[in-house]
Amino acid sequence: MSETAISHADERALVAAARAKATVFDIFWQFLVIGATSFGGVVPYLREGLVTKNHWVDDKEFVELLSISQSLPGLNATNMAILLGDRLKGWMGAVAGIVGVCLPGGLLMLCVGMFYRVHGDHSFITFMLKGVAAAAAGLLLATVIQLGKKSLSHRFDLFFVLITVLAVNRLHLGVPKTLVIVGLMAIFFHYPRKSEKESVKQ
Amino acid sequence: MNQIPILLRVFAYLSILTVGGGMAAFPEMEHLSVTVHQWMTSSQLVHMYSVGQLAPGPNMMMIVSIGDWAVWESSGSMALGILGGLVVIAAFFGPTALLALVVGRAWNKLEKWPWRKSIQLGLAPVSVGLLLAGTLSMARTAVTGWTTGGIALFVLLTMLWRKINPALLVLTGAIVGLIVGYLPK
């Protein structure tokens with residue numbers, strides 16, 4: 001236990017020193033590298049780049065920033081770039097982070113899109129994309145299940161999941177209306193209870 | 001060029017729907033880009049989204065191609081198409097970026113607000129539901145028979161049982177798609 005306490009103090013000193021040295025260009029460059037290498041999901045690459053390599057945040061703050069990112073609209077990768085960039089270098093750091101993380105994938109998809117627009121009806125491409133799309137559908141479903149396991153806190157939450165799906169896909173209520181109506185219901189269902197408040201404090 | 005204000009409006013609106021992930025905005029994105037503005041067909045949209053899973057970075061970068069195509073098509077100019085792609089990126093990431101900046105700065109104050117926990121707990125099932133709704137509407141286009149159903153199921157089960165880089169599974173899907181496509185019928 002004492003060992004972790006020491007390494008924790010060391011880590012805080014390390015983070016403070018690393019943050020003092022970071023420039024706007026460092027932030028841009030690190031997020032550009034993450035944006036260019038994060039194949040198959042951005043979170044492990046963010047942790048590697050921001051915690052392990054640069055010591056801009058420790059694991060505790062990383063998890064905190066990630067939980068802010070996940071509870072806000074927007075993608076994890078771009079929200080993390082904004083939050084971390086801002087903590088390091090204010091709004092300029094935030095801009096550097098988000099531009100860096102979007103640039104490689106954006107350029108790549110621009111080229112892929114142009115190629116597909118011209119050659120998309122070639123049978124080789126069609127066959128391949130059919131398989132890619134099916135795999136992506138399976139991937140998405142797995143992500144939804146993993147996210148559900150991790151983030152649902154009450155058995156009744158499954159009911160909110162179900163009515164959200166029905167409202168969007170069957171009743172065609174539209175995402176914004178569904179978000180407001182079901183969202184408010186679920187938030188009031190989880191209204192702040194005394195016991196929860198105490199357990200959070202502990 | 002007349003597509004640019006429309007793209008700005010559509011993608012700024014889609015931006016705030018991405019609660020829990022980009023896929024939450026998919027049903028609305030499909031409706032607006034396919035049915036309303038006819039920038040692409042639904043299978044083109046699903047193809048671009050799926051190829052996007054192979055690209056590094058934020059997983060919705062395929063939206064650049066919607067902006068690119070919309071302006072390229074209407075103006076006939078490839079250069080203006082690129083501008084369309086840029087407009088879409090700015091519109092899609094601008095509003096949520098601003099929100100993240102504001103909330104990130106106010107977070108320490110929000111931490112003590114008792115409803116913050118309620119909002120987080122309450123939004124969790126709704127965002128899972130929105131992602132599931134998006135996934136199902138995407139799967140309706142992507143899964144059309146035994147082969148595609150088999151690929152999707154294989155990827156789903158592998159992801160749930162093994163820790164594996166998802167990009168590899170998407171590549172596997174591409175290879176299976178090619179093999180089955182060229183098999184003699």
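The model is predicted, so local features are given only at pLDDT of at least 70 and side-chain atom pairs count only at pLDDT 80 or more, whereas totals for chains, interfaces and linings use all residues. Residues are numbered from 1 along each chain as its sequence is written, and chains are lettered from A and ligands numbered from 1 in the order in which they are written.

View 1. The model as a whole scores ipTM 0.87 and pTM 0.86. Chain B has a mean pLDDT of 91, with 99% of its residues at 70 or more; within chain B the mean is lowest, at 89, in helix α6 (residues 114-142) and highest, at 95, in helix α1 (residues 3-15). In chain A the average pLDDT is 87, and 92% of the residues score at least 70. The pLDDT falls below 50 over residues 197-202 of chain A, a stretch that has 3 contacts in the model beyond near neighbours in sequence, two residues being in contact if their C-beta atoms, placed from the backbone, lie within 7 Å. Where pLDDT is low, the predicted coordinates should not be read in detail.

View 2. Chain B holds 8 helices and 0 strands, and its C-alpha trace spans about 65 × 50 × 25 Å along the principal axes. Of the 185 residues in chain B, 55% are buried; a residue is buried if 20 or more other C-beta atoms, placed from the backbone, lie within 10 Å of its own, exposed if 12 or fewer do, and partly exposed in between. Among the contacts in chain B with a separation of 6 or more, 59% join residues 24 or more positions apart.

**View 3. Helix α4 of chain B and its surroundings.** The 13 residues of helix α4 (residues 63-75) of chain B reach 19 Å from first to last C-alpha, close to the 18 Å expected at 1.5 Å a residue, where the expected span is 1.5 Å times one less than the number of residues. This helix is mostly covered, with 10 of its 13 residues buried; among them are Ile63(B), Ile66(B), Trp69(B) and Trp72(B). The cover over the buried residues of α4(B) includes α5 (76-119) of chain A as well as α1, α2 (26-36), α3 (42-52) and α5 (78-111) of chain B. Just after α4(B), Gly76(B) adopts a positive phi of about 75°.

**View 4. The side of chain B that touches chain A.** In this view, 92 residues of chain B are in contact with 83 residues of chain A. The elements giving two or more residues to this side of chain B are α2, α3, α4, α5, α6, α7 (146-161) and α8 (166-182) of chain B, and α6(B) gives the most, with 24 residues.

**View 5. Helix α4 of chain A and its buried face.** Helix α4 (residues 59-71) of chain A has 13 residues that should span 18 Å at 1.5 Å a residue, and its end C-alpha atoms are 18 Å apart, which agrees. In α4(A), the residues Leu65(A), Ser69(A) and Gln70(A) are buried. Seen down the helix axis, the buried residues of α4(A) fall within an arc of 135°, so they line one face of the helix; the arc is that of the directions from the axis to the C-beta atoms. The cover over these buried residues includes α5 of chain A.

**View 6. Val51(A) and its contacts.** Val51(A) belongs to helix α3 (residues 43-53) of chain A and counts as partly exposed because 19 other C-beta atoms lie within 10 Å. Leaving aside residues up to four places away in sequence, Val51(A) touches Val57(A), Asp58(A), Asp59(A) and Phe62(A).

**View 7. Two loop residues with positive phi.** Most residues other than glycine have a negative phi. His172(A), which is not a glycine, has a positive phi of about 50°; His172(A) sits in the loop between α7 (157-170) and α8 (175-189) of chain A, and is exposed because it has 11 C-beta neighbours inside 10 Å. Gln38(B), also not a glycine, has a positive phi of about 50°. The place of Gln38(B) is the loop between α2 and α3 of chain B, and with 10 C-beta neighbours inside 10 Å Gln38(B) counts as exposed.

Conventions
pLDDT is the predictor's confidence in each residue, from 0 to 100. Helices (H or I, at least four residues) and strands (E, at least two) are DSSP runs, numbered from the N terminus.
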